[in-house]
Amino acid sequence: VRSVFLRSGISCCRTDRITVVSQRSFRGRSSNVKIKPLDKDNSFFKLKNTNSVHDALKIISENGNTHDYYHASLLNQCRAGNLEFVKTIMNDMKENNVEFNVKTYHLLLTAYASRKDYKDAVSLFREMKKKNVTLDDRIYATMIKLQVRGQRPNEVLSLIKDSVASGVVCDWKIFQQALGCLTDAGKMTGADEILEAAKQVKLDGIKHLYDDIILAYARREDIKSIRRLIDEMQ
């Protein structure tokens, strides 16, 4: 049991089964309100855990065909790469005039990435840009990781540049994966460009990129480039 006392005088005690909220007035009176947590009877819980598209559509319909319910049904199915389930849900969204937003696109992109479906992922990414969907760091990160897995250094570099130009900053680990893809392919000029992009956005964790690119130059016995990078770090 955990108790939290708020400035308003409300105390909140939480257990695994219920949450009890009580508030004592200045007159010493108190009231208790019991709030049920999400459980197995909850629609969101059912949507996230059903493998039946028929059951999912039924629950979504009963709750008003909103983005939240559609997305709940898609979450685990997209991670599993269950495209048949995903496409059925998305067709239902279109039939009910529920427009795709950035979260919808990210879920679909995740499904393609789970199946290493490069062609459809790239096609979807282009569709998003054509429709002026505001791309976030999750979209770029998913695309970059997919292209890294496919060992496509040119596409990886292009995505890093595009994200930076759009004002989107991915996590340093995404930059690190991109850098590794370029150095593994022997494209050191491209690796330098990724480091420059990281410097441009003042990336947190950039030290890790310096360590990796110095190591890559060391393997090539490029002392001049190593000295240059060490000077930059200082």
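A crossing of two helices is called left-handed if the near helix is turned anticlockwise from the far one by less than a right angle, and right-handed if clockwise. By that rule, α10 passes α11 in a left-handed crossing. Helices (H or I, at least four residues) and strands (E, at least two) are DSSP runs here, numbered from the N terminus. The structure is a predicted model, with local features needing pLDDT of at least 70 and side-chain atom pairs counting only at pLDDT 80 or more, while totals for chains, interfaces and linings use all residues. Residues are numbered from 1 along each chain as its sequence is written, and side-chain values use heavy atoms, with hydrogens and water left out.

Now for the overall make-up. The chain has 12 helices and 4 strands. Of its 234 residues, 38% count as buried, where buried means under 20% relative accessible area, exposed over 50%, and partly exposed in between (1.4 Å probe, protein chains only). Contact means heavy atoms within 4.5 Å. Looking at contacts between residues at least 6 apart in sequence, 51% join residues at least 24 apart.

Back to α10 (188–200) and α11 (206–219). Their axes come within 10 Å and cross at roughly 165 degrees, which makes α10 roughly antiparallel to α11. Axes are lines fitted to C-alpha atoms, for helices over the stretch in contact, and angles run from 0 to 180 degrees between N-to-C directions. Angles under 35 degrees count as roughly parallel, over 145 as roughly antiparallel, 65 to 115 as roughly perpendicular and the rest as oblique. On the α10 side, M188, A191, D192, L195, A198 and K199 do the touching, and they meet I206, L209, Y210, I213, A216 and Y217 of α11. Sorted by class, this contact has 10 nonpolar, no polar and 2 charged residues. Ala, Val, Leu, Ile, Met, Phe, Trp, Tyr, Cys and Pro count as nonpolar, Asp, Glu, Lys and Arg as charged, and the others, Gly among them, as polar.

Helices α3 (residues 67–79) and α4 (residues 83–95) pack at an angle of about 165 degrees, their axes 9 Å apart. That makes α3 roughly antiparallel to α4, and α3 passes α4 in a left-handed crossing. From α3 come H67, Y70, S73, L74, Q77 and C78, and from α4 come F85, V86, I89, M90, D92 and M93. The class count for this contact is 8 nonpolar, 3 polar and 1 charged.

What about the core? A nonpolar core is a set of buried Ala, Val, Leu, Ile, Met, Phe, Trp, Tyr and Cys residues joined through side-chain atoms within 4.5 Å. The largest one holds 65 residues, and F125, M128, I144, F175, I194 and I213 touch the most other members. Leaving out residues up to four places away in sequence, I213 touches L179, M188, A191, D192, L195 and L229.

I214 also sits in α11 and is buried at 16% relative accessibility. Beyond four places in sequence, its contacts are I226, L229, I230 and M233. I214 and R228 are 14 residues apart in sequence and 9.6 Å apart in space, C-alpha to C-alpha.

K202, in the loop between α10 and α11, is not a glycine but has a positive phi of about 50 degrees; K202 is exposed at 72% relative accessibility. E221, in the loop between α11 and α12 (223–233), is not a glycine either and has a positive phi of about 55 degrees. E221 is exposed too, with a relative accessible area of 68%.
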